Amino acid sequence: MLENKVVAITGAGRGVGREIALLCARHGASVVVNDPGVGGGGEGGDAGPAQQTVDDIITAGGKALANLASVADPVGAQSIVEDAVQHFGRIDAVVNNAGILRDAIWHKLSLEDWRAVIDVHLNGAFNVSKAATPYFREQNSGSFVHFTSTSGLIGNIGQANYSAAKLGIVGLSQSIALDMARAGVRSNCIAPFAWSRMTASIPAETPEQQARVERLKTMSADKIAPLAVYLASDASQGVTNQIFGVRKNEIVLFDKPRPVRSMTKTTGWTPEAIADELIPAFRPSFARADEVSADVFPYDPI
């Protein structure tokens with residue numbers, strides 16, 4: 001699927017990113033494995049994870065290069081793309097997978113933790129995508145694969161920073177898809193359900209929490225990789241501006257936000273009329289929207 005292609009994958013030292021890197025290489029791609037090896041909250045750094053993924057690819061007969069830059073740094077993000085071009089001659093796809101977590105209930109969320117998560121997820125996706133864009137425009141081809149989350153699409157407790165970043169990535173992807181369509185460039189999102197280092201931080205103290213964790217453990221990271229490889233490949237020509245989800249052996253296509261009900265008052269609305277007429281008419285639609293989320297995703301958002 002990716003013969004003679006060059007793919008840059010952020011956060012590829014462990015978890016979902018590593019599985020994508022391995023599968024891209026098995027399908028013939030030369031891979032830039034970006035991962036600074038930080039902790040789950042963005043602390044520290046270690047060259048080991050990225051280099052291990054590279055070593056495993058090379059041992060299996062593939063081509064790969066490690067890059068340790070932080071995607072939150074525009075210069076570092078540029079180096080990811082430049083490494084691809086300098087070592088492998090081109091860049092064909094970018095997979096924006098890098099991420100950290102700094103969870104806190106809303107009223108305890110610090111500005112520092114807000115900024116750190118936004119910087120890696122949303123600004124990181126912008127930085128790497130922006131660096132690849134001139135090459136994509138010049139060659140009239142390319143694919144962006146961005147990782148979002150149902151925490152952003154649906155919401156989640158204790159993750160206002162992460163949820164905002166992940167829904168922001170959807171807006172970024174959709175606008176890139178529209179802006180870059182004339183250049184033949186695609187931009188899509190994947191919302192993964194998978195057991196990884198990030199989801200391993202979920203509390204497992206009560207029987208209900210333990211049952212949830214056990215469900216998650218059945219959703220291995222390698223299940224996410226095939227869709228990412230497909231979206232990076234030429235086989236996905238014409239597939240753009242979409243939001244997919246992967247949960248074990250299930251692939252989901254998400255709908256876009258759209259009006260579900262409207263009501264017009266020829267004399268105009270007053271606050272009292274909204275309370276007495278509009279909201280009672282809309283309230284059944286509120287309930288249906290909540291029920292749809294619960295029906296489609298009976299597991300907690302990730």
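## Salt bridges

The structure holds 8 salt bridges, a salt bridge being a side-chain nitrogen of Lys or Arg within 4 Å of a carboxyl oxygen of Asp or Glu. Before the individual pairs are visited, note that this is a predicted model, in which local features need pLDDT of at least 70 and side-chain atom pairs count only at pLDDT 80 or more, while totals for chains, interfaces and linings use all residues. Residues are numbered from 1 along each chain as its sequence is written, and side-chain values use heavy atoms, with hydrogens and water left out.

Select R18 and D56. These two residues form a salt bridge whose closest N and O atoms are 2.8 Å apart. The pair links distant parts of the chain, for R18 belongs to helix α1 (residues 15–26) and D56 to helix α2 (residues 48–59), 38 residues apart. Helices (H or I, at least four residues) and strands (E, at least two) are DSSP runs, numbered from the N terminus. D56 counts as partly exposed, at 25% relative accessibility; buried means under 20% relative accessible area, exposed over 50%, and partly exposed in between (1.4 Å probe, protein chains only).

Select E112 and R102 next. Their side chains meet in a salt bridge at 3.8 Å, N to O. This pair also links distant parts of the chain: E112 is in helix α4, R102 is in the loop between β4 and α4, and 10 residues separate them. E112 is exposed, with a relative accessible area of 57%, whereas R102 is partly exposed at 22%.

Then move to E277 and K265, whose side chains meet in a salt bridge (3.2 Å, N to O). E277 lies in helix α9 (residues 271–296) and K265 in the loop between β8 (250–253) and α9, so the pair ties together parts that are 12 residues apart in sequence. E277 is partly exposed, with a relative accessible area of 34%, and K265 likewise counts as partly exposed, at 26% relative accessibility.

## A nonpolar patch

Show the surface and select W106, L111 and W114. They form a nonpolar patch with about 370 Å² of accessible area together. Patches are made of residues with over 30% relative accessible area and no salt bridge, with like charges joined within 9 Å and nonpolar side chains (Val, Leu, Ile, Met, Phe, Trp, Tyr) within 5 Å. Accessible areas come from the Shrake-Rupley method with a 1.4 Å probe, and for residues only the protein chains shown count as cover. W106 lies in the loop between β4 and α4 and is exposed, with a relative accessible area of 62%.

## The sheet

Return to the cartoon view and select the strands. An open sheet is formed by 8 strands in the order β3-β2-β1-β4-β5-β6-β7-β8, with mixed pairing. At its edges are β3 (63–67) and β8, each of which pairs on one side only. Two strands pair if DSSP finds at least two bridges between them.

Beginning at β3, select strand β2 (residues 30–34) as well: the two pair in the parallel sense over 5 bridges. V31 stands opposite A64 in β3.

Strand β1 (residues 6–10) pairs with β4 in the parallel sense over 3 bridges, and I9 has V95 as its bridge partner in β4. Strand β5 (residues 142–147) runs parallel to β4 and is joined to β4 by 4 bridges; A93 stands opposite S143 in β5.

## Two positive phi values

Finally, select N241, in the loop between α8 (225–232) and β7 (243–247). Its phi is near 60°, a positive value in a residue other than glycine, and N241 counts as buried at 17% relative accessibility. K248, in the loop between β7 and β8, has a positive phi of about 60° although it is not a glycine. K248 counts as partly exposed, at 38% relative accessibility.
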